[in-house]
Amino acid sequence: MSDLATHPIAGRSVGTTFRPVQTPPTTESRTVQYVLVALVVAVLSLFLLLPLATVFAQAFRLGIGEYLNTFRSPEALAAIRLTLLVAAIAVPCNLIFGIAAAWTIAKYRFPGRTFLVSLIDLPFSISPLVAGLVYILLLGTNSVIGGFLLENFEIRIIFAVPGIVLATILVTFPFIARELIPLMEDQGTGDEEAALSLGANGWQTFFFVTLPNVKWALLYGVLLCNARAMGEFGAVAVISGRLRGQTVTMPLQVELFYNEYASVAAFSLASLLAALALVTLVIKSWLEWRYADQIAAAGRGH
Amino acid sequence: MELIIRNIRKEFDRFAALHDVSLDIRSGELIALLGPSGSGKTTLLRLIAGLDFPTAGAILFGDQDASEKTVQERNVGFVFQHYALFRHMTVAENIGFGLKVRPRGLRPSPEQIRRRASELLELVQLPGLEKRYPSQLSGGQRQRVALARALAIEPKVLLLDEPFGALDAQVRRDLRRWLREIHEATGHTTVFVTHDQEEALELADRVVVMSQGRIEQVGTADDVYDKPRSPFVYGFIGDSSRLPVRIENGELWLHDRSIGISDIRAPNGSGTLFFRPQDVELVDGCSGCIAGTVVSSRRVEAMRRVELAIGGQHSLVEIELPIDHPAASRTRVAFRPRSWKLFPESTAPQAERVIESA
Amino acid sequence: MAKIRFREASIIPGFRLTFGFTIFYLSIIVIIPIIGIYIHTFQLDWDAFVRIVTGPRFLAALQLSFGASALAAMFNVVIGVLIAWVLTRYSFPGRRVLDAVVDLPFALPTAVAGISLTAIYAPSGVIGQFFAPLGIRIAYTPIGIWIALVFIGLPFVVRTVQPVLQDFDREVEEASATLGASRLTTIVQVLLPNLVPAILTGFALAFSRAVGEYGSVIFIAGNLPRQTEILPLLIVFRLEEFNYPAAAAIAAVMMTVSFIILLVINLIQAWSRRRFGHV
């Protein structure tokens, strides 16, 4: 362990002109450490903390009254409601998918398994705009499926809530699966085999053995999935059509306010999303700290 | 290079890993630091190398105080337990690394470095593996490459941390013999750490037995086995049985019986009697002997190990009998140790108050 | 799915259910829509496709998106390795908080980041005001785009390098030191080469995220045609014109690049596993 706190104490000198060498060979001199830490703190403050602080500073620029005013506007309230609704649909869908995908990938060996994993990673590398676009092309009113649904059932998907939900699902579905897969792979199938040999059926095995083993990773995944679902902008922006009060989510409403020069309103609404991000980070860090061993290190970011 | 360790103390946070350790290592000697885990042997090795720094005390390389030198300047060859080979470099690059990083004036030419690497591979009996990567080698081969890398810098002392710890038994035995040969061929002052007494006794010129941050005894294999100076050494090196006894006027008593062992030098009070299970003679009647009830017996190679419950406290001791000895089937056995050692109980360092069999 | 027997035998129940559901879900959510993009693109005849992807506005946007993304990812490599280093190697008060803060760009909605960065770097903003008198504009220029892309890409390199640094065997650094290598030599010749796969992976992830980024960029970009217009924005314009084939063509180009990057990442990791025995 090398750190600033436990530097070796100076040795008792034997000779008279004595220069003890005390920097451990696998760390840097204290000066270097201080400089590097300061540099990192500065960079993170400038690039990350400042934008976060600015959101709140701008939101409260004209005082708390003006801040609260934002949340009296029907547009903001409708946006909040819609965002909650979208997350309430998208997250459970992705939860079920995440569990099913993790089960199939972690508990079995079959050809194409690694391809399936890559497919699940895909939304991390495609642009959210493309994610929105794919559904416009597939389900828009002048596409085959979209036209059929509109004519026969009067169901609109694009520029309507279902499209927003679909786009949100697409950009957020990897989060839960990605947390579960490495963990369940690590845990292997021993526990499940034991449960089955003791007479449990498949569902009992899942609910009493597998689920408790992965519950923290699951919560972790849900948390990340939810944060992204509520904050998604690009994919939803192209697919929503921005019908005020109907297909405008919180991030979209932030944009609308901002473009109307209602800066305080934009930042006030944004501050809710920023607060959500903060809560997510706090819970996430707490989970990582408390249950590090029960959350497989996913390794790469989201 | 002579190595002098003078009153070294090492604390990690508040925990003292080494208490006042002193040791002289002669030039060209092969020394084993032997002890259980947590005895401070690896800490001592790392202090010599300059990877850690003593809280107090000094280490001298010849007549030079090493405390003034960084690990880079000490020029020690250190072989790590898990070899610590550079995975992204070939075997030849690994061995040549120490030469390549020398300051410009002292650096051999790339051609010389390459030749030196090949010579060393020859020495460690791995010729032709220059282009391999560490991941393509077996454990024993990695160990040899690690040693070649340490030898490449022509070290003043060679330090090895559990050099054979991660290898399986057969490879260990082979490498042990081979290390002895290398040592004889190169003549480096060598210190190695091990928890395996067989390894230490077989390989080293002198063995340093360590326990709980202290040196218990320094001596040849014969010394530490035949003349252990502390109960720890007696118990740690080889098999031993121990029996709590009472000393009255130089006479040793077990509960209310004299066991036929006496030493007029022994102070009155209690103590512990040590003997080797294989070094006992069976006796018939029991006046002045140790007698016990057979609790269990098991086969140990060519002999039979019998566990006896002795006296009122039911102290358990082990003795060894020939496999066909009739006593092994009896329920009661009496014996007398041929050689033994008594450590009277006292707060003073026990080593000062050892009483040995004649 | 009556007779799936291509998997290895296992007594764990539920394969058909979970495998079937996974494939079904992936099909409707990802596979079919993505194939749709390419089908739409192929509806264009070749000349029309070439006209779109060689148009000056497209090329300018392409250059800007890829150029700014590459520069941002490079900066993220340097600063990301440094952050990962400080977070894993040094202990100082607030380290845990800083570690958590690194994930902020993952958690903060991009639109929020976008308006906030714009407010900071606009000529009247906290930082912008210092540059405005010097005649340097940050917001509404490629510099602003670069800053937004640095923001959203920052965690990638940190999070790929961190675990490798954490697991790096101290003994290897000690070995280097005992062989006479200075600390700097050890870091450059022994440590850094081992980080290369993680750094490349982090770079690729940050780069690919930056190329596709929309929300945090459009506010600060200013969106001037041929100057500060990024590729994803071009898709939006084509959509607003109901020029779906053109939008699909741009998306197809972007997605193909994404696939190539994904492939490269996998190749890096396969290579890394072979050479280093880890990712």
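Which hand does the crossing of H1(A) and H3(C) have? The crossing of these two helices is left-handed. A crossing gets that name if the near helix is turned anticlockwise from the far one by less than a right angle, and it is right-handed if clockwise.

Before going on, a word about what you're looking at. This is a predicted model, in which local features need pLDDT of at least 70 and side-chain atom pairs count only at pLDDT 80 or more, while totals for chains, interfaces and linings use all residues. Residues are numbered from 1 along each chain as its sequence is written, and chains are lettered from A and ligands numbered from 1 in the order in which they are written.

Axes here are lines fitted to C-alpha atoms, for helices over the stretch in contact, and angles run from 0 to 180 degrees between N-to-C directions.

Who does the touching? On the H1(A) side, the contact is made by A:Leu36, A:Val37, A:Leu39, A:Val40, A:Val43 and A:Leu44. On the H3(C) side, C:Ile79, C:Leu82, C:Ile83 and C:Val86 make the contact. (Two residues are in contact if their C-beta atoms, placed from the backbone, lie within 7 Å.) By class, this contact has ten nonpolar residues, no polar ones and no charged ones. The nonpolar class is Ala, Val, Leu, Ile, Met, Phe, Trp, Tyr, Cys and Pro, the charged class is Asp, Glu, Lys and Arg, and the others, Gly among them, are polar.

Now zoom out to the two whole chains: 83 residues of chain C are in contact with 82 residues of chain A. On the chain C side, helix H1 (residues 15-43) of chain C gives the largest share, 15 residues. That side of chain C divides into 60 nonpolar, 14 polar and nine charged residues.

One more stop on H3 of chain C: C:Pro56 has its place in this helix. Is C:Pro56 buried or exposed? C:Pro56 counts as exposed because it has 9 C-beta neighbours inside 10 Å. (Buried takes 20 or more other C-beta atoms within 10 Å of a residue's own, exposed takes 12 or fewer, and partly exposed lies in between, with C-beta atoms placed from the backbone.) C:Pro56 is 62 residues from C:Thr118 in sequence and 27 Å from C:Thr118 in space, C-alpha to C-alpha.

**Chains B and C in numbers**

| Chain | Helices and strands | Residues | Buried | C-alpha extent along principal axes |
| Chain B | nine helices, 21 strands | 358 residues | 43% | about 80 × 45 × 35 Å |

Take the contacts in chain B between residues at least 6 apart in sequence: 64% of them join residues at least 24 apart. For chain C, the share found in that way is 75%.

**Sheets in chain B**

Six strands of chain B form an open sheet in the order E6-E7-E8-E3-E9-E10, with mixed pairing. (Two strands pair if DSSP finds at least two bridges between them.) E6 and E10 (214-219) stand at the edges, each with a single partner strand, so one side of each has no neighbour in the sheet. On average, neighbouring strands of this sheet are turned by 15° against each other, direction ignored.

Follow the order from the E6 end. E6(B) (residues 76-79) runs parallel to E7(B) (residues 157-161), and four bridges join them. B:Val76 stands opposite B:Val157 in E7(B). From there, E7(B) pairs with E8(B) (residues 189-194) in the parallel sense over five bridges, and B:Val157 has B:Thr189 as its bridge partner in E8(B).

In a regular strand the side chains alternate between the two faces of the sheet. In E6(B), B:Val76 and B:Phe78 point one way, B:Gly77 and B:Val79 point the other way, and all are buried.

Chain B also has an open sheet of four strands, ordered E2-E1-E4-E5 with antiparallel pairing. Its edges are E2 (15-25) and E5 (64-65), each with a single partner strand, so one side of each is left without a neighbour in the sheet. E4(B) (residues 56-61) and E5(B) run antiparallel and are joined by two bridges, and B:Gln64 in E5(B) is the bridge partner of B:Phe61.
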